[in-house]
Structure formats: C-alpha cells, structure tokens
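The following note sets out points for a colleague who is reviewing the structure.

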Amino acid sequence: MKTTHKILVVDDNRGILSALRLLLKSRGYDCETYNNPGNVSADALKAASAVILDMNFKSTVNNGNEGIYWLGRFVKEAQETPVVLITAYADIDLAVRGIKAGASDFVVKPWDNERLIEVIDGVTDKKSISKFEKKVESSMIVGESPQMRKLMEIVEKVAPTDANILITGENGTGKGLLAQEIHRRSKRSANTLTTVDVGAIPESLFESELFGNVKGAFTGAATSRAGKIENAHGGTLFLDEIGNLPLNLQSKLLTVLQTRQVTRIGDSKPKDIDIRLICATNCDITAMVGEGSFREDLFYRINTICIDLPPLRERPEEIEALAQAFVKEFSDRYEKTSLSLSDAAVSLLKRQSWPGNIRQLRHAMEKAVIMCDADIISPQDFDFSNQVGAHTNTMTSGTLADMEKAMIESAMAACGGNLSAVASRLGITRQTLYNKIRKFGI
C-alpha cells in the first residue's frame with residue numbers, strides 16, 4: 001500500500017536524522033532526511049505532509065535565527081505544509097517567534113518520542129483536512145439542503161456589516177470555512193483574515209499570542225512583537241474554539257472589544273484597533289455562562305449574530321456529493337483512479353448518523369478507497385464497527401453530558417489511552433479533550 005504521509009527531517013546532526021528516521025518509520029511514516037536546508041526543493045516541500053526543522057545549523061550559533069530564516073522560506077514555498085521546529089534550547093521567545101512566523105508546533109531536544117509523534121500526528125491530520133476543505137468547500141458552504149440555503153441567506157445579510165458573529169455547531173461541520181466565506185463577502189475582504197485556534201495555543205503562550213508583548217516583558221521576551229489582535233487591524237479576527245479561552249483572558253478580550261484598543265504585555269500605551277470579530281465553538285456557551293466558566297458580558301458581546309451550522313445527519317442531501325469528492329481525492333492519492341461509488345454504497349452512507357460530521361465521512365471514505373479491490377466501492381468496503389458514535393442510537397438514557405463522557409471513555413479504550421488518537425477520533429483538539437477529561441473526572 002502506498003504510504004500516506006511523508007515527513008521531511010532537516011537537521012545537521014546525522015545522529016538526529018537517523019534517530020528520527022527510525023522513530024517515524026516505526027510509526028508508519030515515510031521519512032526523507034536532509035542535513036542542509038538549502039537542499040530541500042519546493043517540490044519536496046509541497047509533496048510532504050510535514051517538515052521537522054532544526055533551529056540551528058552552526059555549532060557556534062544557537063540563537064535560532066537560521067531556523068527562523070529557513071522556516072520563512074519553507075512556509076513561503078509550501079504554505080500548506082506544516083513545519084515543526086526542533087531545538088536544544090527551550091526559549092519561550094524563540095517558540096513565539098517561530099509560531100508567529102508560521103510554525104505549526106515546537107519540540108525541544110531531547111524530545112519525548114510520544115510527544116513528538118503526537119505533534120506529527122496532529123499536524124499531518126491538519127494538512128489533510130486543509131486539502132479536503134479546499135476540494136469540498138462549495139459542498140460544505142453552499143449545500144442543497146433547506147437548512148444550508150437558509151443559512152446562506154443569513155450570511156448574505158450579515159457579511160457586509162461589521163456585526164460580531166458567533167458560529168456554533170458540532171465538530172467537523174465547517175465552521176472555519178463559514179468564517180472564511182463571511183470574510184470573503186465582507187467589506188474587509190481585501191485585508192487579512194487572522195485566525196487563532198484558541199484550543200491549540202499552549203496556555204503559557206495564550207496572552208502573548210493574542211495581545212503581543214514588549215521587549216523584556218517576561219523571561220525570554222528578547223524582542224517586541226504584535227499579537228494576533230493587533231495583526232488583524234483593518235481585517236477580520238477569527239477566534240476558533242472560543243470556549244477554550246481562560247477566564248482571565250476573557251476579561252482582557254472584553255476590554256479590547258469595548259475600548260477598541262489593545263495593550264501589549266509590559267506596555268502601558270494602548271494601540272487603537274479596527275477589527276471585525278468572528279468566533280466559533282462546538283461548546284454549549286450558554287451552559288458555560290450558567291456554570292461561570294464563560295463571562296456573560298463577553299458572550300453577549302461576541303453574539304450579535306449567531307449562526308448554527310447543522311450537522312451532516314440533518315442535511316443528507318449533501319452526503320453523496322461530499323462522498324464523490326472524497327473518492328476523487330483518495331483515489332488520486334492511492335493511485336486507484338478508476339474508482340466510483342455504487343448506489344448501494346451511497347444508500348449506506350445516507351443511513352449513517354455521522355456524529356463526526358464531514359470529517360468522519362472523509363475518514364470513512366479514505367478507508368473504503370484503501371480496502372476496495374474492485375472498480376466500484378460497495379457497502380462491504382466500509383467498516384463502521386469501531387467508529388465512535390456507531391452505536392449512539394442505542395444510548396437513549398442519561399443526560400447529554402453522560403453520553404459525551406461515555407463516548408470519550410469508549411474512544412480512550414479503543415485507542416489504548418493515546419490521547420492524540422482519541423482527539424482525532426472524536427474530531428476535537430487535544431486541548432478540548434484535556435478540558436473535557438478534567439470536566440468529567442475521567
């Protein structure tokens with residue numbers, strides 16, 4: 001079978017290259033190593049699922065500037081390919097610089113094998129999702145179902161305004177794509193859409209990532225830098241997974257929205273900002289307000305217009321078009337270009353409940369393409385027995401919280417406690433999973 005993911009490892013230490021090659025191959029990845037970043041071609045970058053990039057290539061220099069330079073080159077040449085930085089020097093400011101420059105994550109030598117694989121699993125999945133979203137954007141956003149037609153009528157009305165918008169919906173329904181569509185139709189479309197995945201930012205970097213900092217504001221802050229809010233000036237700020245924002249930062253965000261000013265950490269002089277705010281969440285924000293974990297005043301501030309994206313099970317008219325797009329995507333990837341989808345397979349797909357929505361459908365189609373030995377994908381090529389939610393119709397007792405806890409416990413058992421795999425299986429970020437584990441006392 002053709003390998004799904006190729007990882008490029010760029011490090012001047014041959015021992016590091018050998019160790020990472022063995023580790024990655026043991027976990028099912030294809031691995032290509034380079035001891036000189038200048039030898040990595042643009043074609044190799046675009047074809048890769050991820051890059052692991054060392055921050056230093058001269059034994060006498062350890063400030064990470066080389067890594068930042070090559071990171072910029074790699075991101076420019078292959079924007080969709082995630083880059084994970086790796087260094088022996090645990091420097092917060094360097095981590096912030098790398099993330100701001102486009103890195104997807106940051107790992108410190110000597111690395112923990114499970115942590116590194118968890119990071120690689122996460123970023124390669126995100127690249128796959130990014131490609132998939134581009135292929136099926138029209139199907140997700142401009143669907144044929146009555147719910148989606150009504151939703152787009154609302155979008156047409158609110159997009160040209162500067163009203164704050166809260167997008168709600170289950171994981172995998174396309175909230176990020178809807179935010180992009182609103183920005184594209186807005187009067188700010190010529191300016192930047194700045195996206196912040198709140199659930200993916202380490203807590204230690206939350207404040208500086210959002211608000212920026214001045215030089216010397218904290219240990220490791222060697223330079224002054226603007227935060228995401230300041231960078232969004234003149235454009236749109238999209239805060240994904242807003243329900244994961246800590247309470248102390250909720251207060252600061254509220255102040256920013258009220259005053260239209262942002263103050264960097266360590267600074268006393270605020271900067272004027274002009275932004276349009278779009279937020280998204282899969283959480284029950286109303287319940288969080290009642291529990292005291294989300295500020296009521298901030299909730300009303302971000303919720304001028306609320307748009308709820310319907311789950312896939314409520315728009316079955318779109319399943320066939322999405323499935324066909326996935327067949328094309330994966331038949332190209334796995335070199336099975338003559339594949340098509342049988343009517344019986346389409347009927348089977350429409351009978352599923354799809355708790356993971358479009359993302360879950362995509363995973364199911366990938367497996368079916370791999371397992372199919374004929375030219376037509378049939379029902380027997382699908383396996384729904386071990387998918388989370390496959391038996392949710394039998395869970396008729398207990399509260400929604402009980403059902404959610406049971407799904408998490410079931411996924412943890414199926415994945416052997418691998419939290420990265422659990423999060424991927426459930427269609428949520430690791431941070432969201434950690435929050436739910438704490439909430440339910442699992």
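1. Cysteine 283. Once neighbours within four places in sequence are left aside, cysteine 283 is in contact with Gly243 and Met288. The model is a predicted one, and this cysteine sits in the loop that runs between strand S13 (276-281) and helix H11 (285-291). Its relative accessibility is 22%, so cysteine 283 counts as partly exposed, given that the buried class requires a value under 20%.

2. Aspartate 54. This residue belongs to strand S3 (residues 50-54). Is aspartate 54 buried or exposed? Its relative accessible area is 3%, and aspartate 54 is therefore buried. When residues up to four places away in sequence are not counted, aspartate 54 touches Val10, Asp11, Asp12, Gly67, Ile86, Thr87 and Lys109.

3. Positive phi at arginine 260. Arginine 260 has a phi near 60°, which is a positive value in a residue other than glycine. It is located in the loop between helix H10 (247-259) and strand S11 (261-262). With a relative accessible area of 30%, arginine 260 is partly exposed.

4. Positive phi at glutamate 335. A positive phi is also found at glutamate 335, near 55°, and this residue is likewise not a glycine. Glutamate 335 is placed in the loop between H13 and strand S15 (340-341). Because its relative accessibility is 61%, glutamate 335 counts as exposed, the cut-off for that class being over 50%.

5. Packing of H13 with H15. Two packed helices are described by the angle between their axes and the distance between the axes. For helix H13 (residues 319-333) and helix H15 (residues 357-371), the axes come within 9 Å and cross at roughly 45°. The two helices are therefore oblique to each other, and H13 passes H15 in a right-handed crossing. On the H13 side the contact is made by Ile319, Leu322, Ala323, Phe326, Val327, Glu329, Phe330, Ser331 and Arg333. H15 contributes Ile358, Leu361, Arg362, Met365, Glu366 and Val369. By class, the residues of this contact comprise ten nonpolar, one polar and four charged.

6. Packing of H13 with H14. H13 also packs with helix H14 (residues 343-351), where the axes come within 10 Å and cross at roughly 120°. How are H13 and H14 placed relative to each other? They are oblique, and H13 passes H14 in a right-handed crossing. The residues that meet are Ile319, Glu320 and Ala323 in H13 and Val346, Leu349 and Lys350 in H14. This contact has four nonpolar, no polar and two charged residues. Ile319 and Ala323 of H13 take part here and are also listed in the contact with H15.

7. Packing of H17 with H18. Helix H17 (residues 419-426) and helix H18 (residues 430-440) pack at an angle of about 100°, and their axes are 9 Å apart. That angle makes H17 roughly perpendicular to H18. The contact involves Leu419, Ser420, Val422, Ala423 and Leu426 of H17 together with Arg430, Leu433, Tyr434 and Ile437 of H18. Its classes are seven nonpolar, one polar and one charged.

8. Which residues of H18 are buried? They are Gln431, Thr432, Leu433, Lys436, Ile437 and Phe440. Among them, Leu433 and Ile437 are buried and also belong to the contact with H17. Just after H18, glycine 441 adopts a positive phi of about 65°.

9. The chain as a whole. The protein chain contains 18 helices and 16 strands. Of its 442 residues, 49% are buried. Among contacts between residues at least 6 apart in sequence, 72% join residues at least 24 apart. The accessible surface of the chain comes to about 20300 Å², and carbon and sulfur atoms account for 49% of that area.

Terms used:
Residues are numbered from 1 along each chain as its sequence is written. This is a predicted model: local features need pLDDT of at least 70, side-chain atom pairs count only at pLDDT 80 or more; totals for chains, interfaces and linings use all residues. Side-chain values use heavy atoms; hydrogens and water are left out. Axes are lines fitted to C-alpha atoms, for helices over the stretch in contact, and angles run from 0 to 180 degrees between N-to-C directions. Helices (H or I, at least four residues) and strands (E, at least two) are DSSP runs, numbered from the N terminus. Angles under 35 degrees count as roughly parallel, over 145 as roughly antiparallel, 65 to 115 as roughly perpendicular and the rest as oblique. A crossing is left-handed if the near helix is turned anticlockwise from the far one by less than a right angle, and right-handed if clockwise. Contact means heavy atoms within 4.5 Å. Ala, Val, Leu, Ile, Met, Phe, Trp, Tyr, Cys and Pro count as nonpolar, Asp, Glu, Lys and Arg as charged, and the others, Gly among them, as polar. Buried means under 20% relative accessible area, exposed over 50%, partly exposed in between (1.4 Å probe, protein chains only). Accessible areas come from the Shrake-Rupley method with a 1.4 Å probe; for residues, only the protein chains shown count as cover.
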